[in-house]
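The sequence and structure are shown below.

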Amino acid sequence: MQAQKKIRQTDAIFGHLAIINPEAARADHVLRISMDAKAAVKIGCFSRGGKSRLERKAWDHDFRPETILTPFGILLPQFADLSIYFTTSSITSDFIVDVLQRWWQNAQPRFPKIDTLVINQDNGPENNSRRTQFLKRMVAFAQQWQINVRLAYYPPYHSKYNPVERTWAALEHHWNGTLLDSVDTVLRFAQSLTWKGKHPVVTLVSGIYQKGIKVAKKAMAVYERRIKRLPGLERWFVDIPACPV
């Protein structure tokens, strides 16, 4: 019974996504974006498999890396525009919304008619619709920029359908066999990636983000009143209006 219930829920989520995403592509006032992080990358002379034309030897043991970079991507599926943000910090709710803020500040002049963002993402631990700090920050984002936000999540174990995930496979193939021995090397390879004929905008984000920040239950009730969840799929589809309800 439980397995059948999950299958029905997954079908319902995809059924709703099949309506929301095409509608966003057709509407002049709606912009669809896809967001997610890639697995962290160890910086150092580590063997990465594959082949390289450079005759450089990698360490034969997994020594302590010089640092670790985690990529976070924002993709516009309709335009094949990709932005990649690298950080040495943890990917937290605050990091995700700060990156979204930075991206939209740069993108907004290009899309003056847009009044709604449809955001596809995975329902991960730091950005799911029950993560109090994430929801608080997203409500503030919508009100600050006076833009409606629709969070449209993919179901568990189906992240491969989130469009930005395909760019990570392309990036991994692009630098396969390369010794990513410095931050500059990682950034340079990411910048030279070609995704559907375009190079991504690559940014190194400084700062340390603290994990585990939560909003008190009483304060969270205020933010819940400012949003609308889809009945039956409350975790997967959330509308955040530009103006408080």
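Strand β1 provides three residues, the largest share, to the lining of the second largest pocket; strands (E, at least two residues) and helices (H or I, at least four) are DSSP runs numbered from the N terminus. The model is predicted, so that local features need pLDDT of at least 70 and side-chain atom pairs count only at pLDDT 80 or more, while totals for chains, interfaces and linings use all residues. Residues are numbered from 1 along each chain as its sequence is written, and side-chain values use heavy atoms, with hydrogens and water left out.

The lining of this second pocket includes M35, D36, A37, F72, D122 and E126. A pocket is an open set of points on a 1 Å grid over the protein atoms alone, where a 1.4 Å probe fits, with protein on both sides within 12 Å along at least five of seven lines; lining residues have an atom within 4 Å of a point. Volume is the space filled by probe spheres set on the points, which are joined across faces, edges and corners. In the classes used, Ala, Val, Leu, Ile, Met, Phe, Trp, Tyr, Cys and Pro are nonpolar, Asp, Glu, Lys and Arg charged, and the others, Gly among them, polar.

| Pocket | Volume | Lining by class |
|---|---|---|
| Largest | about 240 Å³ | eight nonpolar, four polar, four charged residues |

In the largest pocket, S83, W103, A107, R110 and V201 are the closest to the centre among the 16 lining residues. Strands β4 and β7 (201-205) and helix α2 each supply at least two residues of that lining.

Strand β1 (residues 30-37) pairs antiparallel with β3 over four bridges, where pairing requires at least two DSSP bridges between strands. M35 lies opposite I74 of β3. Strand β3 (residues 67-76) also pairs antiparallel with β4 (residues 81-87) over seven bridges, and F72 has Y85 as its bridge partner in β4. Four residues separate β3 and β4 in a hairpin, and A80 in the turn has a positive phi of about 60°. Eight of the 10 residues of β3 are buried, that is, under 20% relative accessible area (1.4 Å probe, protein chains only).

The largest nonpolar core has 50 residues, of which W103, W104, M138, F141 and I240 touch the most other members. Helix α2 (residues 93-107) gives the most to this core, eight residues. Such a core is a set of buried Ala, Val, Leu, Ile, Met, Phe, Trp, Tyr and Cys residues joined through side-chain atoms within 4.5 Å. A second, separate core of 19 residues includes A80, I84, W168 and L180.
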